[in-house]
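Here is a short briefing to read alongside the structure. Have the chains in view, and we will take the topics one by one.

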Amino acid sequence: MGDTQENIPQSGEVIAAKAVWQVINEKFGDAVSELDENPFMPFFEVLKREQWRDIALFMRDNPKLRFTYMACLSGVDYPEERKLGIVCNLESLGELGHRIAVKVKCDREGGIIPSVAKVWKTADWHEREAYDMYGMEFSGHPDLRRILCPEDWEGYPLRKDYQVQETYHGIKVPE
Amino acid sequence: MGLLDAKISKHNVLVTSVDNVMNWARLSSLWPMGFGLACCAIEMMATNASNYDLERFGIFPRASPRQSDLMIVAGTVTMKMAERVIRLYEQMPEPRYVLSMGSCSNCGGPYWKHGYHVLKGVDRIIPVDVYVPGCPPRPESLIGGLMKVQELIRMEQIGISRAEALKKLEEKSIDPGQLIQAARKGAIAS
Amino acid sequence: MQELGKAEHSSVRVTPKGDNRVIIEKDISSEEMILNMGPQHPSTHGVLRLECKTDGEVVIEAEPYLGYLHRCFEKHAEMVDYPGVVPFVDRMDYLASMNSDFAFCIAVEKLLDVEIPRRVEFIRVIVSEFNRIASHLVAIGTYAIDLGAFTPFLFCFRDREHILNLLEWTSGARMLYNYILIGGVAYDFPEGFKERALEFVKYFRPKALELQKLLTENEIFVKRTKGIGMMPADVAINYGWSGPMLRGSGVEWDLRKEDAYSIYPELDFKVCVPDGRFSDIGDCLSRHLVRAMEMEESLNIIEQSLEMMPEEDGFDPRAAIPKRIRPKAGEVYGRAENPRGELGFYIQSDGKSTSPLRCKARSSCFVNLSAMKELSLGQLIPDLVSIIGSIDIVLGEVDR
């Protein structure tokens with residue numbers, strides 16, 4: 001995976017991502033941020049997060065974009081900004097072939113992000129996982145419950161300030 | 001057991017203790033519960049399959065805890081699973097044995113420090129008779145562990161507790177380290 | 001139309017000519033029953049729990065409950081340094097550790113400035129393809145056992161043992177290798193590996209055909225899988241399916257071709273898609289066929305790469321491994337084709353610390369399993385086992 005071999009296809013990826021971003025920017029204006037043109041994972045951020053579902057639907061159905069496939073949705077904790085967020089890796093599978101990443105951020109306490117579970121069904125479980133690990137709410141999610149940890153687990157394990165509980169149902173948890 | 005090899009003729013009387021017969025019968029048909037948790041379950045399956053063929057020891061996995069004598073805890077026990085493990089253990093009829101397979105179920109294994117959702121050793125919730133180390137243990141070591149369970153059964157008698165049987169097993173056991181060192185010395189000398 | 005049971009109690013009708021499709025009649029229904037399946041169930045491939053709402057023999061809803069094997073991979077990844085994550089990656093998908101390591105290393109190496117030696121790339125591809133065959137053998141063997149055929153299971157495990165021996169010879173471990181490291185591999189191939197590997201390829205080709213005959217030409221197996229668990233291609237993409245599951249629905253999508261990572265673009269292999277001669281495209285049988293065909297393709301890949309691999313005396317596979325692995329600041333999503341689909345890692349690095357700020361594993365079976373609810377709708381209870389088996393889940397990867 002040398003630098004020279006890697007840069008040629010990736011710069012193509014950035015160019016494609018830029019074209020994609022322009023289409024989205026034309027429609028939604030300042031609801032989306034500038035495109036971050038790094039060679040690893042070009043991304044933009046949704047600044048008006050209440051529009052995230054509309055943007056998602058537009059990205060899926062617009063004939064110039066056709067992001068049919070959501071590869072990944074990861075929850076992220078930004079302790080310095082006091083925010084939580086999600087990062088979605090989207091791809092146009094088998095149609096146009098381009099890919100881009102989208103970031104949405106919300107407040108650390110009581111933050112709400114619109115759910116895209118009905119746009120990409122992949123997002124259903126990924127959002128449940130993000131909720132389980134970070135505790136942000138997804139409004140409009142069909143079934144927002146904890147998925148990996150038990151229902152009565154305390155705290156959100158992947159937050160940077162997570163303190164593990166001492167006992168669970170009478171069983172000692174830490175070492 | 002030697003009995004079958006000794007070519008007993010038709011009109012013979014065998015004298016032995018009830019304990020011996022019972023223990024022989026029990027240890028020759030040790031039925032574990034087919035209960036896989038994680039990576040170790042694959043090695044357990046491999047042990048049951050063609051190359052290692054556990055059935056030659058009379059060990060055949062059963063699907064239900066109510067039909068089994070032995071529980072092989074093969075893999076990481078998590079907090080969510082812990083209560084199910086206890087319930088499965090309680091569903092097994094007495095006398096029951098527990099073999100803890102692999103580092104995770106022995107002590108939490110690699111998940112010891114940061115594994116918030118991992119139970120650090122299945123012996124925190126159910127009593128364990130035999131521990132098999134390894135991550136995952138090779139089929140050979142699982143077979144070794146199962147033979148240890150058989151030895152334990154052989155030590156049992158009517159009227160003595162499991163703890164006493166385990167003690168007897170401990171007294172009778174030979175430290176393999178000395179044997180290995182003796183063999184090494186012999187190899188160097190020759 | 002042949003009726004099963006009395007009409008007022010049963011809502012199932014089966015068409016007579018061996019067509020397994022179930023017709024649900026709306027006006028007839030019996031009392032709903034909740035049936036719990038798992039977490040300790042021989043055919044859930046681990047500790048998956050399904051809560052099925054049933055109407056007679058028909059499943060109305062099957063809700064999967066996960067997390068019984070949640071081993072906190074993502075927490076560990078944030079706590080240990082980059083090389084230390086690799087053993088945890090091994091334990092995620094324990095049937096295909098090599099492929100998982102490969103995916104993780106691809107993701108980290110994108111952020112690092114390392115030139116991977118050509119021989120290392122070949123070693124990586126060969127061991128991953130061997131592991132892919134081993135993984136598919138387990139998938140096929142356990143699938144057969146779920147559907148009541150015991151012999152294929154024994155055949156599969158017999159042949160898998162040969163692969164494990166080869167990989168153990170190379171790496172020192174049977175299942176969890178920790179062999180593919182960031183920037184290289186742990187050891188070079190041992191002396192005489194090529195001959196033994198080619199010997200295995202020669203041995204395995206007829207065995208794969210035999211296995212194929214045992215299952216695909218077995219009428220019971222075909223009846224239990226054909227037309228069951230249908231998934232159209234567009235819905236599969238919307239669910240984020242990948243790997244043999246997506247190819248079973250007829251989509252030619254293989255990351256080895258699409259992303260063209262490592263030396264895959266130099267190799268000649270085809271993307272396996274069912275042609276609809278034996279199966280209805282998108283059913284359980286198609287997914288099984290894709291796995292069977294992929295084993296053959298993997299053999300081709302191994303053969304070619306063994307031939308093309310550059311020989312070097314005194315080759316040090318660890319030469320390119322950086323002394324201190326501290327990637328550039330940035331985010332990356334790296335992925336590779338796992339036997340179960342796309343395994344991706346989203347890694348966030350701040351450029352200062354030696355451990356990732358965030359490492360999310362996009363697990364293929366987690367995503368594939370999320371369609372369980374839709375797949376099981378209106379199927380018979382015994383077909384549920386057939387569907388779970390065809391998804392080929394590894395709970396270690398689902399729950400992480």
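A residue counts as buried if 20 or more other C-beta atoms lie within 10 Å of its own, as exposed if 12 or fewer do, and as partly exposed in between. Please keep in mind that this is a predicted model. With that said, let's start with one arginine.

**C:Arg118**
- C:Arg118 has 13 other C-beta atoms within 10 Å, so this residue is partly exposed.
- C:Arg118 belongs to helix H4 of chain C, which covers residues 118–146.
- Although 192 residues separate C:Arg118 from C:Pro310 in sequence, their C-alpha atoms are 7.6 Å apart in space.

**Helices H5 and H6 of chain C**
- H5(C), residues 151–171, packs with H6(C), residues 193–216, at an angle of about 165 degrees, and their axes are 11 Å apart.
- The two helices, H5(C) and H6(C), are therefore roughly antiparallel.
- The crossing of H5(C) past H6(C) is left-handed.
- Among the residues that meet here are C:Phe155, C:His162 and C:Leu166 in H5(C), and C:Phe200, C:Phe204 and C:Leu211 in H6(C).
- By type, the residues of this contact are 11 nonpolar, 3 polar and 3 charged.

**Where chain A touches chain C**
- In this interface, 29 residues of chain A are in contact with 34 residues of chain C.
- On the chain A side, the elements giving two or more residues are helix H1 (3–28), strand E2 (69–78), strand E3 (83–91) and helix H3 (122–134).
- E2(A) provides the largest share of that side, with 6 residues.
- The chain A side that touches chain C is made up of 18 nonpolar, 7 polar and 4 charged residues.

Technical notes. Residues are numbered from 1 along each chain as its sequence is written. Chains are lettered from A and ligands numbered from 1 in the order in which they are written. This is a predicted model: local features need pLDDT of at least 70, side-chain atom pairs count only at pLDDT 80 or more; totals for chains, interfaces and linings use all residues. Helices (H or I, at least four residues) and strands (E, at least two) are DSSP runs, numbered from the N terminus. Two residues are in contact if their C-beta atoms, placed from the backbone, lie within 7 Å. Ala, Val, Leu, Ile, Met, Phe, Trp, Tyr, Cys and Pro count as nonpolar, Asp, Glu, Lys and Arg as charged, and the others, Gly among them, as polar. Axes are lines fitted to C-alpha atoms, for helices over the stretch in contact, and angles run from 0 to 180 degrees between N-to-C directions. Angles under 35 degrees count as roughly parallel, over 145 as roughly antiparallel, 65 to 115 as roughly perpendicular and the rest as oblique. A crossing is left-handed if the near helix is turned anticlockwise from the far one by less than a right angle, and right-handed if clockwise.
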